[in-house]
Amino acid sequence: MKPNEKPIKRQRPWLRPTLQVVVAPATFILLWSIIAPQYHLPSVKAIGLAVAEMIEVGTYWHDIIISSIRGLSGFSIGFALGAFFGILTGRFSQLFLLFGGLLHFLRWTPVLALLPLTIRIGGLGEQPKIFLVAWACFFVSWAYTHVAVSKLNPAYIWWSKSLGLNLRQRLFRVYAPSVSPSLIGGARVALAVGMIVVVAAELGGTIQEGFFRDGLGYRISRAIETNRNDINIACILTFGLIGTCFDFALVQFVKRGLRVLTGIDFYRNEG
Amino acid sequence: MDKAHLSIENLTVRYGKTVVVDSFSLEVDSETVVLFGPSGCGKTTILKAILGVSEYGKHVEGNILFNDKQLMHDDGYVGMVFQGPIVPSWMTVSALCRIGSKMREYSAKEQNSKIEKMLNRFGISNLINRYPYQLSGGQKQRVALAVTLLNEPSILLMDEPSTFIDGMTRIAIWDFLEKEVRTLGIPTIVVSHDPAEAIRLADKIYCLSSPAAITRSLDVPFAHPRNDSMLRNEDVWELRNTLISS
């Protein structure tokens, strides 16, 4: 069949990346240049020099890698478990009746307050940090997945039935596309929360030897102790940058993954 | 097409202790039957029972027979056009047209040919690459019908096909159902609470009360094809008043 009409393409596809990569950082630098002197904060140049100093000493890339490993591994465990339990409690209301109250109660326990306890039990090593990140990510992804699955429009289930779709088609062509926007939203929020917990966990202390030492959060605490505001702010901004990169990578990964899995490019109209 | 016969015997639907459909029986040949009644009287529940939708806490009793055999609920045997209508927003019209279980049995070439014919009949062949969010209410309704009919259902169910649609589009949809769907000879059950829609589409109208039980059945004696000007006929007005008062 010859299509009579081509799909509508987004106008000026270069505009969005340009705004994100050029205009947004430029605006930030401009605002920082105005505000920083008023509060005796380091200039943009001083922050840049602090980054150069950390690269020269050899801590900068190592800290980024270590903090990223902690954040991503905790997020992966927490998100996978949260999504799994979210599907179960969303699909089977009896399970939600049994465990929903407990999960909600645990969701409201302050994760940062668990930090001293985890250090006391697990020490300053990796497991307590990854546990804390996973704990925080679990509840975010559970809540988002649970709501998405339990609120799945029943008309889609009936529609699938009326067209005789098999289980595989229902899952990948109807249910997954229907709940995936909420799932992706949950993943993005969980990742952001996870990175916040990484900072807190590293501020609580890290081991000082081996590959899994220090981290950006630890560098921030050292900068505060030594009154190095330039390094402090450089590390905070670096967290922001790697968080943005992870968020972008996550969205692209999920978009492409779902396209391969379902054969549907259902995010095309969202840009 | 062979004459088809749908028989519903003593259908009772309960949600917990609440009876929504009470011993409902209906016989439908290759004709269009309208279930007419107020909102919430259980009309849609009857359609869902015919479709075989299972819901938590729902209990269905009774027999649904098609050509004297127990009705199969899977394999797209029963096609349903939903109120709204339901067209997933992430698939193009082309992808939607190909998704049905019976469509998948055909080769890509056969699928293309069938889709082309169907969309041409429906006057929407120019929409094939569009997404549902790019369509108007009337276009969506026609797409939903085309997708359902492409799957070659043995029974067609329609839940308030012209609700949420503006007046002009509603008339176009009725004309379209009269011209393109009625002629297929599929037993068709339409749920409606609009007297004009019931009279335009039906061979028989069954008035329902709550919980869904037939209180009155009316034959609609007007010849097909019907058009909108017939609604000004005096006999139609009389039937319309009967429907409203029932």
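What percentage of the contacts in chain A with a separation of 6 or more is accounted for by residues 24 or more positions apart?

Mentor: The model is predicted, so everything that follows describes a prediction. In chain A, residues 24 or more positions apart account for 76% of the contacts with a separation of 6 or more. As for what the chain is built from, chain A has ten helices and zero strands. The C-alpha trace of chain A spans about 70 × 50 × 35 Å along its principal axes. Chain A holds 271 residues, and 32% of them count as buried.

Now take one pair of helices. The axes of H8(A) and helix H9 (residues 216-225) of chain A come within 7 Å and cross at roughly 55°. An angle of 65 to 115 degrees would count as roughly perpendicular and one under 35 degrees as roughly parallel; H8(A) and H9(A) are therefore oblique to each other. Their crossing is right-handed. On the H8(A) side, the residues that meet H9(A) are Val198(A), Val199(A), Ala201(A), Glu202(A) and Leu203(A). They face Leu216(A), Gly217(A), Tyr218(A), Ile220(A) and Ser221(A) in H9(A). Sorted by type, the residues of this contact are seven nonpolar, two polar and one charged.

H8(A) also has a part in the contact between the chains. That contact takes 23 residues from chain A and 32 residues from chain B. On the side of chain A that touches chain B, the elements giving two or more residues are helix H7 (154-162) and helix H8 (167-203) of chain A. H7(A) gives the most, with six residues. The residues on this side of chain A divide into 14 nonpolar, five polar and four charged.

Chain B contains a sheet. Four of its strands form an open sheet in the order S2-S1-S4-S5, with antiparallel pairing. Strand S2 (18-28) and strand S5 (69-70) of chain B stand at the edges with a single partner strand each, so one side of each is left without a neighbour in the sheet. S5(B) is joined to strand S4 (residues 58-66) of chain B by two bridges, and these strands run antiparallel. In one of these bridges, Leu65(B) has Gln70(B) in S5(B) as its partner. Helix H1 (residues 43-51) of chain B packs on the sheet and touches strand S1 (6-15), S2 and S4 of chain B. The direction of H1(B) makes about 70° with that of S2(B).

Key: Residues numbered from 1 in each chain as written. Chains lettered and ligands numbered in written order. Predicted model: local features only at pLDDT ≥ 70, side-chain atom pairs only at ≥ 80, totals over all residues. Pairing = 2+ DSSP bridges. Contact = placed C-beta atoms within 7 Å. Axes fitted to C-alpha atoms, helices over the stretch in contact; angles between N-to-C directions. Nonpolar A, V, L, I, M, F, W, Y, C, P; charged D, E, K, R; others polar. Parallel < 35°, antiparallel > 145°, perpendicular 65-115°, else oblique. Left-handed = near helix turned anticlockwise from the far one by under 90°. Buried ≥ 20, exposed ≤ 12 C-beta atoms within 10 Å, placed from the backbone.
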